[in-house]
Amino acid sequence: MDKKEWIRSLKFTLFSISAGAIQIVSFTLLTELTALSYWPCYLIALVLSVVYNFTINRKFTFHSAANVPIAMLKVFGYYCVFTPLSTIGGNFLVETLLWNEYVVEIISMILNFITEFLFCRFFVYRHQVDNAESYLKKHS
């Protein structure tokens, strides 16, 4: 891995940690302060985290001037697969196998972190990484 990709991976990790903080805080508040079951708490927290993570990583990690609606649609497609699998799977682990909801939440977050980075780097922004500055110079 070259230096630029190493730095990109580090940035994605740091921003994902901040998105993870948003997710775990909102999940905890919903779990502890409401009567909601696991899956709505997880789903709401995930959506909050995803919106933040997409916005910050597009600009600061991938430096992409990719068409935002198309990039968002691709990420939405990823979450159309990840969300049902992690929601149903997590709910099964918590409600049926009686796993601790926080352990399940952390496992889901780690899986999300790894798969989303790979998906964004090699599919969403594949040929449009580090093009934001050149795009701005061309169109200003």
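Helices here are DSSP runs of H or I with at least four residues, numbered from the N terminus. The exercises below use a predicted model.

**Exercise 1. Describe the protein chain as a whole: its elements, extent, burial and contacts.**

Step 1. The protein chain has five helices and zero strands. Read from the N terminus, the order is α-α-α-α-α.
Step 2. The C-alpha trace spans about 55 × 30 × 25 Å along its principal axes.
Step 3. The protein chain has 140 residues, of which 36% count as buried.
Step 4. Take the contacts between residues at least 6 apart in sequence: 79% of them join residues at least 24 apart.

**Exercise 2. Which residues of the largest nonpolar core touch the most other members, and which elements supply the core?**

Step 1. The core holds 24 residues, and Phe62, Tyr79 and Tyr125 touch the most other members.
Step 2. Two or more residues each come from helix 1 (3-33), helix 2 (38-60), helix 3 (68-96) and helix 4 (101-124).
Step 3. Helix 2 gives the largest share, seven residues.
Step 4. For tyrosine 125, leave out residues up to four places away in sequence; the residues touched are then Phe54, Arg58, Phe62, Ser64, Ala66, Ala71 and Cys120.

**Exercise 3. Characterise the packing of helix 2 against helix 4.**

Step 1. Two packed helices are described by the angle between their axes and the distance between the axes.
Step 2. The axes of helix 2 and helix 4 come within 12 Å and cross at roughly 30°.
Step 3. The crossing of helix 2 and helix 4 is right-handed.
Step 4. On the helix 2 side the contact is made by Tyr38, Tyr42, Leu46 and Asn53; on the helix 4 side it is made by Glu101, Val104, Glu105, Ser108, Asn112 and Glu116.
Step 5. Sorted by class, this contact has four nonpolar, three polar and three charged residues.

**Exercise 4. Is leucine 30 buried or exposed, and which residues does leucine 30 touch?**

Step 1. Leucine 30 is found in helix 1.
Step 2. Leucine 30 counts as buried because its relative accessibility is 18%, and the cut-off is under 20%.
Step 3. Apart from residues up to four places away in sequence, leucine 30 touches Leu36, Cys41 and Ile44.
Step 4. Between leucine 30 and valine 94 there are 64 residues of sequence separation and 16 Å in space, C-alpha to C-alpha.

**Exercise 5. Find how many aromatic pairs the structure has, and classify two of them.**

Step 1. A search of the whole structure gives 14 aromatic pairs.
Step 2. In the pair of phenylalanine 15 and phenylalanine 60, the ring centres are 6.1 Å apart and the planes are at 40°, so the pair is tilted.
Step 3. This pair ties together parts 45 residues apart in sequence, because phenylalanine 15 lies in helix 1 and phenylalanine 60 in helix 2. Phenylalanine 15 is partly exposed at 22% relative accessible area, and phenylalanine 60 is partly exposed at 38%.
Step 4. The rings of tyrosine 78 and phenylalanine 119 have centres 5.2 Å apart and planes at 35°, so this pair is tilted.
Step 5. Tyrosine 78 lies in helix 3 and phenylalanine 119 in helix 4, so the pair ties together parts 41 residues apart in sequence. Tyrosine 78 is buried at 9%, whereas phenylalanine 119 is partly exposed at 23%.
Step 6. Ring pairs also link Phe12, Phe62, Phe113, Phe117 and Tyr125 into a cluster.

Conventions: Residues numbered from 1 in each chain as written. Predicted model: local features only at pLDDT ≥ 70, side-chain atom pairs only at ≥ 80, totals over all residues. Heavy atoms only, no water. Core = buried A, V, L, I, M, F, W, Y, C linked by side-chain atoms within 4.5 Å. Buried < 20%, exposed > 50% of the residue type's maximum accessible area, 1.4 Å probe, protein only. Contact = heavy atoms within 4.5 Å. Axes fitted to C-alpha atoms, helices over the stretch in contact; angles between N-to-C directions. Left-handed = near helix turned anticlockwise from the far one by under 90°. Nonpolar A, V, L, I, M, F, W, Y, C, P; charged D, E, K, R; others polar. Phe/Tyr/Trp six-rings, centres within 6.5 Å; stacked < 30°, edge-to-face > 60°.
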